[in-house]
Amino acid sequence: MAFTRDADWEQGSRPIVYQSLARTALDMGVSERQIQKLEQQLFSIGAITWNDSGNHKRYGQRDAATGRILYAYGVDLTPLAYLRTELEQKLHEKKLYDQAWLDTKREISWYRRQIRALLLELREEEAGSIELAALESEYDPIAYQLRTHIRLEKLRTLLESHRSLHSRVLELVVVESGESTVAPEGGDFPQETANGSSRNEQRFAHYKPTTHQSITCSPSDACLQKSVAETSEPDDLASATGLQHLTLGQVLLASSERFQGYLPLSAKPLSWSDVVEAAYQLRRELGVSQQSWSEACQALGRTGAAVCVVITDRATARECDPVQRPAAYFLGLNRKARLGQLRLQKSVFGLSRPTP
């Protein structure tokens with residue numbers, strides 16, 4: 001069809017493709033024999049026929065003025081015109097199928113991220129080890145990569161498996177913590193909450209190095225008693241934000257689907273280094289400069305800068321008053337951190353907890 005012209009499809013004309021077999025094979029990067037097989041398949045379904053010359057060679061000539069074919073011998077596409085209605089219907093059905101396939105895949109991906117985050121949360125709390133091991137062993141067989149050759153029916157069955165597993169993992173989280181920590185499917189997240197962190201959660205000094213070490217920073221510490229107007233050291237700035245109280249699972253639950261798309265697709269547990277790398281990649285899409293990222297790292301550490309990217313990303317997707325300039329918003333978070341006014345802990349809790 002790319003070889004034809006509009007005039008070939010007008011009444012009184014015939015859309016005949018007289019390009020040689022050799023040239024067609026060269027254009028498509030296959031053998032001449034393969035072209036013959038494809039043409040035979042098209043003929044068998046009534047899409048093409050042939051207008052052959054005596055020696056079966058393909059050639060023709062067009063009028064230089066009108067562009068109409070004067071004579072031509074080769075593949076006749078006239079039967080294709082009569083299949084237009086049927087082909088348009090098939091195309092419509094294929095688009096519906098493709099959309100359903102993509103929607104199902106997207107829903108599976110959402111459940112996978114939730115399951116992985118919840119399992120990580122349970123592993124950090126060392127809760128329900130026997131039940132946790134059983135759930136992890138059940139997740140591994142369904143965590144394979146979603147290839148396009150998988151039929152929609154199988155994909156929907158896989159979705160039901162993820163829903164069932166997600167429900168049971170969530171039940172275990174509720175049993176251990178006494179409250180739900182994920183939003184319902186399709187639900188929205190509030191922007192802030194006054195709730196604090198769970199008392200049985202581990203605390204990590206993950207705002208400065210990438211390795212996890214225990215840390216204590218009680219309300220009586222000087223880092224929490226300084227005035228806003230006073231100049232604080234980087235460690236004090238990070239502590240003032242409540243970053244040391246955040247867990248990896250909470251940050252993952254607060255992150256957007258776009259952010260989670262930058263995380264590695266693997267059955268192994270995610271780490272803080274994965275979150276930092278994803279944030280570093282996403283900050284380019286948000287327009288956050290290297291200098292702004294470096295300044296945030298100096299003030300809050302790499303993990304703190306990554307959490308700021310998560311918050312900035314979610315702010316751009318708010319239904320009410322979305323952020324239009326994410327780079328400026330990120331700078332604002334950095335400025336508030338240096339003034340001791342940033343509360344990352346509350347922001348993350350507000351994004352990761354469902355509306356009551």
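Where does aspartate 321 lie? In this predicted model, aspartate 321 sits in the loop between α11 and α12. Its phi is near 55°, a positive value in a residue other than glycine. That is worth a second look, since most residues other than glycine have a negative phi. With 59% relative accessibility, aspartate 321 counts as exposed, because the cut-off for that class is over 50%.

Now for the chain as a whole. It holds 13 helices and four strands. Of the 356 residues, 42% are buried. The chain exposes about 20,000 Å², and carbon and sulfur atoms supply 51% of that area. Taking contacts between residues at least 6 apart in sequence, 69% join residues at least 24 apart.

Packed helix pairs are described by the angle between their axes and the distance between the axes. Helix α11 covers residues 290–316 and helix α12 covers residues 326–338. Their axes come within 9 Å and cross at roughly 130°. The crossing of α11 and α12 is right-handed. By class, the contact of α11 with α12 comes to 15 nonpolar, five polar and two charged residues.

Setting aside neighbours within four places in sequence, alanine 315 is in contact with Pro322, Val323 and Tyr329. For alanine 315 and tyrosine 329, which are 14 residues apart along the chain, the C-alpha atoms are separated by 8.6 Å.

Helix α11 also packs against helix α10, which spans residues 272–286. Here the axes come within 9 Å and cross at roughly 75°. Since 65 to 115 degrees counts as roughly perpendicular, that is how α10 and α11 stand to each other. From α10, the contact is made by Trp272, Val275, Val276, Ala279, Tyr280, Leu282, Arg283 and Leu286. From α11, the residues involved are Gln290, Trp293, Arg302, Thr303, Ala306, Val309, Thr312, Asp313 and Thr316. Sorted by class, the contact of α10 with α11 has 10 nonpolar, four polar and three charged residues.

The loop between α10 and α11 contains glycine 287. This glycine is partly exposed, at 43% relative accessible area. Its C-alpha atom is separated by 9.1 Å from that of alanine 328, although the two residues are 41 apart along the chain.

Histidine 56 is found in the loop between β2 (49–51) and β3 (59–62). With a relative accessibility of 59%, histidine 56 counts as exposed.

Definitions and conventions
Residues are numbered from 1 along each chain as its sequence is written. This is a predicted model: local features need pLDDT of at least 70, side-chain atom pairs count only at pLDDT 80 or more; totals for chains, interfaces and linings use all residues. Side-chain values use heavy atoms; hydrogens and water are left out. Axes are lines fitted to C-alpha atoms, for helices over the stretch in contact, and angles run from 0 to 180 degrees between N-to-C directions. Helices (H or I, at least four residues) and strands (E, at least two) are DSSP runs, numbered from the N terminus. A crossing is left-handed if the near helix is turned anticlockwise from the far one by less than a right angle, and right-handed if clockwise. Ala, Val, Leu, Ile, Met, Phe, Trp, Tyr, Cys and Pro count as nonpolar, Asp, Glu, Lys and Arg as charged, and the others, Gly among them, as polar. Buried means under 20% relative accessible area, exposed over 50%, partly exposed in between (1.4 Å probe, protein chains only). Contact means heavy atoms within 4.5 Å. Accessible areas come from the Shrake-Rupley method with a 1.4 Å probe; for residues, only the protein chains shown count as cover. Angles under 35 degrees count as roughly parallel, over 145 as roughly antiparallel, 65 to 115 as roughly perpendicular and the rest as oblique.
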